[in-house]
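Dear colleague,

Please find below the structure that I am handing over to you. My findings follow it, and I would be grateful if you read them with the model open.

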Protein chains: 2
Amino acid sequence: MPDETGGLRERKKLATREALSAAALRLALERGAENVRVDDIAEAAGVSPRTYNNYFSSREQAIVAAVTAERASRVAAALRARPREEPLAEAVTEAVVEQYTSEPAGEALALITSSPRLRKEYVEAAVAMRQPLESAIAERLDGAAALAPAVLAAAVSAATRVALAHWVRASDTGGGFVVVRVERSLPDLLREALAQVAPALRAAQG
Amino acid sequence: MPDETGGLRERKKLATREALSAAALRLALERGAENVRVDDIAEAAGVSPRTYNNYFSSREQAIVAAVTAERASRVAAALRARPREEPLAEAVTEAVVEQYTSEPAGEALALITSSPRLRKEYVEAAVAMRQPLESAIAERLDGAAALAPAVLAAAVSAATRVALAHWVRASDTGGGFVVVRVERSLPDLLREALAQVAPALRAAQG
DNA sequence: ACACAAACTTGCGTGTACGCAAAAATTCGC
DNA sequence: GCGAATTTTTGCGTACACGCAAGTTTGTGT
């Protein structure tokens with residue numbers, strides 16, 4: 001009795017991808033992000049360095065992917081799982097917030113926020129949800145304008161990025177002086193950001 | 001009587017930047033994008049290769065910048081130039097469409113659309129308007145939520161990217177067969193895309 | 001089972017990105 | 001105007017991204 005998902009090829013590919021990003025994260029935690037070479041990651045995952053680059057196009061991407069891996073498709077799945085009679089705006093907001101409520105373990109998060117490159121990659125990782133979201137939104141918007149699903153998905157992704165950028169910026173205020181910062185929780189920021197695009201979602205559905 | 005703008009330093013910097021992107025575009029048009037080396041660009045602009053990378057972080061960026069250079073700040077300026085009593089949604093839409101109505105000369109456009117890397121960079125160049133737009137929008141939204149200007153600017157930028165992506169995709173359908181494509185004008189696409197985010201702008205202003 | 005097609009991996013080579021520290025240019029206080 | 005402070009340019013070195021063309025593995029039809 002085999003497990004399930006698709007052919008062997010796809011499973012192997014996924015396994016390689018996960019092995020790579022897991023190795024990347026582990027090594028980065030052990031030695032610090034700057035002391036991890038691509039070759040180290042490849043070796044730890046048991047593939048050639050060249051293969052590493054078939055999966056990730058930057059070191060940062062591999063590290064961050066260990067944390068953000070399935071989030072994009074999970075958001076779309078979460079949206080589909082919501083009752084169809086629920087307004088799109090609420091459904092989307094809840095789907096997104098839900099996927100960001102269990103943030104990575106403290107150590108991984110500390111690692112990511114400690115490096116500008118990793119921070120950027122982490123925030124930008126939210127663009128990955130655009131395509132899945134677009135499909136899921138399209139299913140709820142049959143009669144809308146052609147560009148509507150794409151634009152709305154892009155807007156949601158953009159709002160998410162703004163919220164994330166705000167959130168991770170909490171730690172970039174280096175310099176020695178302790179700046180008084182009003183720390184807001186991520187769900188909080190996400191809800192505020194998404195509330196700004198909600199009217200667009202309502203209008204598209206209305 | 002000197003011209004105007006700021007100190008010598010800033011003018012030189014700007015001149016260097018323009019020389020670099022102009023050289024990049026000219027060389028790409030002459031030889032094709034793949035036959036242009038960073039060293040060629042640097043030499044044509046009279047700076048060291050290393051300096052080139054102080055201005056642009058990819059060859060594509062330099063080429064595309066020749067066309068998109070000031071667009072971001074022009075959008076913000078156009079928005080500020082609009083009557084304050086005009087609804088934000090209209091003002092933003094017109095400001096954006098206005099800046100995209102005179103698209104680059106055919107040859108440059110053909111060059112850009114002929115390469116996936118350049119197409120991507122061209123579309124992504126729209127993110128540059130986020131920051132300027134955020135400031136300009138903030139000036140019209142005094143009492144709104146903290147994240148509102150950032151989110152709305154990001155949404156507008158995202159909508160613009162969707163429209164551009166659709167537009168440039170007109171030429172990526174290669175393969176020999178002539179596919180029947182409904183070509184829509186860029187202003188047309190921009191208006192449809194921006195119409196999707198307009199409700200959010202109205203709500204923020206409400 | 002078998003052989004053929006399609007997809008993935010790998011090594012190699014070329015061009016690129018960027019940190020660092022020294023040198024050149026510009027600005028500023030006096 | 002003049003010398004010190006700041007900013008920019010530059011060379012160098014290292015690591016990286018990616019096209020290409022084999023070589024290898026997986027999927028398919030018979």
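In what follows, Ala, Val, Leu, Ile, Met, Phe, Trp, Tyr, Cys and Pro count as nonpolar, Asp, Glu, Lys and Arg count as charged, and the others, Gly among them, count as polar. Please keep in mind throughout that this is a predicted model.

The cavity

Rolling a probe the size of a water molecule over the atoms shows where empty space is left. The count for this model comes to one cavity of 30 Å³ or more. The largest cavity holds about 80 Å³ of space. Its lining is made up of Thr68(B), Arg71(B), Ala72(B), Val75(B), Tyr100(B), Tyr122(B), Ala125(B), Ala126(B), Ala128(B), Met129(B) and Leu164(B). By class, the lining of the largest cavity has nine nonpolar residues, one polar residue and one charged residue. Helix 5 of chain B, residues 71-80, supplies the largest share of this lining, with three residues.

Helices 4 and 8 of chain B

Two packed helices are described by the angle between their axes and the distance between the axes. In chain B, the axes of helix 4 (residues 59-68) and helix 8 (residues 116-124) come within 9 Å and cross at roughly 50°. Helix 4 of chain B and helix 8 of chain B are therefore oblique to each other, and their crossing is right-handed. From helix 4 of chain B, the contact involves Glu60(B), Gln61(B), Ile63(B), Val64(B), Val67(B) and Thr68(B), which meet Arg117(B), Leu118(B), Glu121(B) and Tyr122(B) in helix 8 of chain B. The residues of this contact divide into five nonpolar, two polar and three charged.

Thr68(B) and Tyr122(B) take part in this contact, and both also line the largest cavity.

Ser58(B) lies in the loop between helix 3 (49-55) and helix 4 of chain B. Which residues does Ser58(B) touch, not counting those up to four places away in sequence? They are Tyr52(B) and Glu121(B). Ser58(B) and Glu121(B) are 63 residues apart in sequence, and their C-alpha atoms are 9.6 Å apart in space.

Chain A

Chain A has 11 helices and zero strands. The C-alpha trace of chain A spans about 60 × 55 × 30 Å along its principal axes.

Within chain A, the axes of helix 8 (residues 116-124) and helix 10 come within 9 Å and cross at roughly 150°. Angles over 145 degrees count as roughly antiparallel, and helix 8 of chain A and helix 10 of chain A are therefore roughly antiparallel to each other. Helix 8 of chain A passes helix 10 of chain A in a right-handed crossing. Arg119(A), Tyr122(A), Val123(A) and Glu124(A) in helix 8 of chain A meet Arg161(A), Leu164(A), Ala165(A), Trp167(A) and Val168(A) in helix 10 of chain A. This contact has six nonpolar, no polar and three charged residues.

Between the chains

Helix 10 of chain A (residues 148-168) also packs with helix 11 of chain B (residues 186-205), at an angle of about 50° and with the axes 9 Å apart. That angle makes helix 10 of chain A oblique to helix 11 of chain B. The crossing of these two helices is right-handed. Here Ala148(A), Val151(A) and Leu152(A) meet Ala193(B), Gln196(B) and Val197(B).

Yours sincerely

Key. Residues numbered from 1 in each chain as written. Chains lettered and ligands numbered in written order. Predicted model: local features only at pLDDT ≥ 70, side-chain atom pairs only at ≥ 80, totals over all residues. Heavy atoms only, no water. Axes fitted to C-alpha atoms, helices over the stretch in contact; angles between N-to-C directions. Helix = DSSP H or I, 4+ residues; strand = E, 2+ residues; numbered from the N terminus. Parallel < 35°, antiparallel > 145°, perpendicular 65-115°, else oblique. Left-handed = near helix turned anticlockwise from the far one by under 90°. Contact = heavy atoms within 4.5 Å. 1 Å grid on protein atoms, 1.4 Å probe; cavity = no way out; pocket = protein on both sides within 12 Å on 5 of 7 lines; lining within 4 Å. Points joined across faces, edges and corners; volume = space filled by probe spheres on them.
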